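Here is a short briefing on a single protein chain. Please view the sequence and structure below first.

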Amino acid sequence: MMRKYNIIYFSFLMLFAISISGWSQTDSLNVNSEKIDKKVNIAYGQQSFGELTSSISTVSGEELEKSSATNLGNSLYGRLPGLFVIQASGEPGKDLPWLRIRGASVNPLIIVDGYERDLSFINPEEIESISVLKDGAALAIYGMKGANGAIVVTTKRGLEQKTQISFSVQSGVQMPYETVDVLGAKEYMTMYNQAAVNDGLSAKYSAEDIASAGTSPRFPDVNWEDEVIKKLTNVSKANLGIRGGSNFIKYFVNFGFLYNDGIYKPENPDMNSNANMTRFNVRSNFDLQVTKNTIFSMDLAGNFDNKGYPANNTFEIWNALYTLPANAFNIKNPDGSYGGTSLLLNNPVAMLETSGRNKVVDQYLNASFKLTQDFDFITQGLSASIGYVLDHSANNSDGTWRYFQVKQIAPGYDDNYEYYSYRENTEYNNWSNAASTRFSVFDAQVLYEMPASNEHELTFMARFQSDKESKANTDLTPYVTNSVGGRLSYAYGNKYLFEAAASYYGSDQYAEGNRYGFFPSAAAGWVFSNESFLEDSKLLSFGKLRASYGITGLNRYASGRYPYNQFYTGGGSFPIGQDWEMMYGLQPGRLANVDTKWEVSEKINVGVDLEFIKQLSFTFDYFMDKRTDVLYIDYSRPAVTGATLPIENIGEIHNTGFDTKIGFVSKPGDFNWYADFMLSYFDNSIEEMGESLSEGNLSHLNKTGDPYNAIYGYEVEGYYEAGEDATLAPIQTFGPVAEGDLKYRDLNGDNIIDERDMTMIGNRLANIDLGLKIGFNYKNFDFEALFQGQMNRDITIHDNAMYQPFIKGNGVTEIAKEDGFPRLSLTNMNNYQSSSYWVRKADFVKLRHVELGYSLPEHLSSRVRMDKVRLFFRGMNVLTLSDWKYTDPEFSWIGYPPMKTYYLGVNINF
């Protein structure tokens, strides 16, 4: 095990050493000097990097186009300091990763072109840039929606230029990166006998039975994964973009197509039950110069997803693949019927071939309208705008399903098979469901940019916004938020920077008189490289110190809508009258709390941006985040009332850490190379959570002081040994123990192992995120590789059926062969409690992206009237280094695994 960790860290150190001679941040804020004046997209505006005082990371759309991820979120690994991207399922249409900024507990606010929208349905080719807003100064204007950070997506707009057309097409193959190996029938039967003997029972299988495995239908040996999962499947993408404009109209129009096939092998042509997704999307951004001082902008974006899935859900299918014993039954019996038993009805081949199919159609329409008026005739630099947004999403689902019959071959030894039948085939049942959401926004903004005068620069912005979200068939009342906010930025002599921002933000979630909060921030910066004593420096080409303080909030729906109202649920019943007519009563649900409000995040950030010799750049941010008024149930109160206690603003969580990025870009020449290194770290602890604190020998039960994402369980201190008298050891309450069983530590000293001996044994969320990008250009060739890793990440697998051989009829996976696996048993759950044995390190380093491209020489592409033609080979999720060997280290549960993908493609510009 230690050797594997050495390989991981040595590999990353080697990668670090390769690029330590120089670094670049071709997409981050700290880039070489020509980008110091480049505009960075912030909340409701732009600022030049040189005058930025808040903590923001950014990546260009051009860089994201190098990723062929089917979901935009999966293109962000290792690119943005402070952003932790955690891989999820690889199932078509369900591959949205978890996104966390600086250790926040939930996803950040997603803003697309100024408004709250979904990230999943945007093509990289549509994007101008993505900014990650991390500190209070950048987020205060988002009020009670900014506590977990924000991802600001800005799509491309038209330019005053001749029309440019870009076209790309790519097609490739996908395969599961890693799946669990299920042992074959012979090993299963041998280990089953051992488990039976361990339980004091007789062996079930004779030597002849074991030797006969796989020789006839009476002795099946089925590799269910081979029967159900394809080795390869297809994914294809195409995109067409049109961009240009004049002094009258500017336009950007984009069309996208995606087809992602699934990896299920058994298919009924009439069912099309394999998982798959087809996506069409279009975006058009228009800016019309109505008059000399008036611009009308209209942005329309549409998305159509057509997804298909088997009638059985993903867990049911993969649970069958990983837990069915290889000798349980045949795929199909000699008479053509599906195999199964009275207890094992989940034949995965039958699930896919005959159970039915589900179809999901998602439709999204985003419409934005904005009128901007320049008031230079009043005072130069003054403008105002009003905007209206109407977004609509609809989800329509339908499907068919049925039960199917399975048969089991009756005992015997000849070829005259008789069967036991279980469950009858039923007719197909049809179902359908529809849901829709409408999101509308009205906003108004005033902007004043004072003309530069005597080295003074001043920008002021004030805005009002009202959001309303209505969900059909779910909530009867819309979600409403209103806000008023503003930002003042001042710079003197390109050296001294100051910014103040604030918002007054309200939500209908809270009681009258408690709906609005004030969220202020302030930030300052010093560009010390512009001081006279450094103006002739040949080493330092740019240097800036930054500091910020701000308060943001989290409008959290922890206990549903309107926690200040008392709601009632169905209660008991009683008969009345001679006919004993039943009367049904009501009982109070969770107790109302009129004082409930948003959670508060108080953020401090200190940072530095440096650039040396116009090639080497460095940025570093240290942050502190004090989260107060966190919603918890106050369990320190007596529980004798019998009522469901309310959610209250009583919690406090502290979070500190840093994120940094170092970069280098070589001087222009035939061979140009670049490298980026990124590192993010955080550490959090719960300071208050309404916990009834224990003392003395029970103090280990306290969760106060632990990370919010801690894992709890029993500490394993060894195994019961041969001849050891278990009655003399602490009594384990999870079943009888014997030689080879896990022995748990008696933390409270009462000689009984129960829930009072549980303590923190791990941490679910990695707190270190690493990224390394290296690349070069040589004449017409280009190459790039992106490595990403996470450290200090634990997974717990005690309750995963893949790792519980024989329990509830489970098959056996390869983990049962590892050294130290506890005693096998058919029923005893002692060894499958949450314990330190089942907490595994899941640190990893992945080659997320590798690409080799070749651009045709200009004299060849011009012959076919093309500006540029580039061919490329691209790999995604190509390689993983990790001590965890049974699945992808980011995906340890039962389900559709992440994919490894290889593409061939071409980019053409006209």
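**Briefing**

The side chains of Q174 and N260 make a polar contact of 3.0 Å. A polar contact is a pair of N or O atoms within 3.5 Å; within protein, one must be able to donate a hydrogen and the other to accept it, and residues adjacent in sequence count only if both atoms are side-chain atoms. The model is predicted: local features need pLDDT of at least 70, side-chain atom pairs count only at pLDDT 80 or more, and totals for chains, interfaces and linings use all residues. Residues are numbered from 1 along each chain as its sequence is written, and side-chain values use heavy atoms, with hydrogens and water left out.

**Around Q174**

- Q174 sits in strand β10, which covers residues 161-176. Strands (E, at least two residues) and helices (H or I, at least four) are DSSP runs, numbered from the N terminus.
- Q174 counts as buried because its relative accessibility is 6%. Buried means under 20% relative accessible area, exposed over 50%, and partly exposed in between (1.4 Å probe, protein chains only).
- The side chain of T901 also makes a polar contact with that of Q174, at 3.3 Å.
- Beyond its neighbours within four places in sequence, Q174 is in contact with residues including K231, L232, T233, V235 and D261. M899 and K900 are among them too. Contact means heavy atoms within 4.5 Å.

**Around N482**

- N482 belongs to strand β21 (residues 479-492).
- N482 has a relative accessible area of 22%, so it is partly exposed.
- Its side chain makes a polar contact of 2.6 Å with the side chain of S466. Another polar contact, of 3.4 Å, links the side chains of N482 and Y516.
- Leaving out neighbours within four places in sequence, the contacts of N482 include Q465, D467, Y504, Y505 and G506.
- Y549 is 67 residues from N482 along the chain, and their C-alpha atoms are separated by 23 Å.

**Helix α7**

- Helix α7 spans residues 314-323. Eight of its ten residues are buried, so the helix is largely enclosed by the rest of the structure.
- The buried residues are T314, I317, W318, N319, A320, L321, Y322 and T323.
- They pack against α6 (224-228), β14 (294-310) and α8 (348-354).
- At the start of α7, a side-chain oxygen of N313 comes to within 3.1 Å of the backbone nitrogen of F315.

**Around E814**

- E814 lies in the loop between β39 (794-796) and β40 (839-841).
- Not counting residues up to four places away in sequence, E814 touches V180, D181, L183 and Y886.
- L747 is 67 residues from E814 in sequence, and the C-alpha to C-alpha distance is 32 Å.

**The whole chain**

- The protein chain has nine helices and 43 strands.
- Its radius of gyration is 31 Å, close to the 29 Å from the globule rule for 910 residues, so the chain is as compact as a globular protein of that length. The radius is taken over C-alpha atoms, and the rule is 2.2 Å times the number of residues to the power 0.38.
- The C-alpha trace spans about 95 × 75 × 65 Å along its principal axes.
- Of the 910 residues, 55% count as buried.
- Among contacts with a separation of 6 or more, 71% are between residues 24 or more positions apart.
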